[in-house]
Amino acid sequence: SSIDYNAFNQCSLTSVNLSNCTSLKTISTYVFFQSLSLTSVSFPSSLTEIQEAAFKYCSKLNYIAWDLPDDYQTSISIGYYAFWDINSVGSVESFNPSISSQDLLDWIKGKGNFPSSGWTIAC
């Protein structure tokens, strides 16, 4: 299943926990585009695609948690500008005990224009 194009565009949600959405495969283009209040998001292990500009201009987004599948490096695609202009500082956390938060951070940097610096691992 997917969250379709523009579903939460410019919404006022501050936190989105999708970690229990175990059939979620795709977050479509512009789903959370310009959601200026969004500060945190949690992704399930079933997620295989974040499309272009899904979180573009979510300037307060500063926490991402992800229950990554073990084959995350080859099974997940992140579209161009997916994370364009999110907060320049923040933290990531891996919910998969076999994948460290540092591995998640190293992998996501540079994907979808994710900030290449300023982000750390959650403690």
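How many disulfides does a search of the whole structure find? The search finds 0 disulfides, a disulfide being a pair of cysteine sulfur atoms within 2.5 Å.

## Basis of the model

This is a predicted model, in which local features need pLDDT of at least 70 and side-chain atom pairs count only at pLDDT 80 or more, whereas totals for chains, interfaces and linings use all residues. Residues are numbered from 1 along each chain as its sequence is written, and side-chain values use heavy atoms, with hydrogens and water left out.

## Cysteines

The sulfur of C11 lies 7.5 Å from the closest cysteine sulfur, which belongs to C58, and this is too far for a bond. For C21 the closest cysteine sulfur is that of C11, at 14 Å, again too far for a bond. C11 is buried, with a relative accessible area of 17%, while C21 is partly exposed at 34%; here buried means under 20% relative accessible area, exposed over 50%, and partly exposed in between, with a 1.4 Å probe and protein chains only.

An open sheet of 4 strands runs in the order 1-3-5-7 with parallel pairing, and its edge strands, strand 1 and strand 7 (77-78), each pair on one side only. Strands are DSSP runs of E with at least two residues, helices are runs of H or I with at least four, and both are numbered from the N terminus; two strands pair if DSSP finds at least two bridges between them. Strands of a sheet pair through backbone hydrogen bonds, either parallel or antiparallel.

Strand 1 pairs with strand 3 (residues 26-27) in the parallel sense over 2 bridges, and the bridge partner of I3 in strand 3 is I27.

## Helix 2 and its packing

In helix 2, the residues S101, L104, L105, W107 and I108 are buried. Seen down the helix axis, these buried residues fall within an arc of 165 degrees, so they line one face of helix 2; the arc is that of the directions from the helix axis to the C-beta atoms. They pack against strand 6 (63-66), helix 1 (72-75), strand 7, strand 8 (90-94) and strand 9, where contact means heavy atoms within 4.5 Å.

## Positive phi values

Helix 2 is followed by G110, whose phi is positive, near 85 degrees. N113, in the loop between helix 2 (101-108) and strand 9 (119-121), has a positive phi near 65 degrees although this residue is not glycine, and N113 counts as partly exposed at 28% relative accessibility.

Q10, likewise a residue other than glycine, has a positive phi near 60 degrees. Q10 is found in the loop between strand 1 (2-3) and strand 2 (15-17), and at 52% relative accessibility Q10 counts as exposed.
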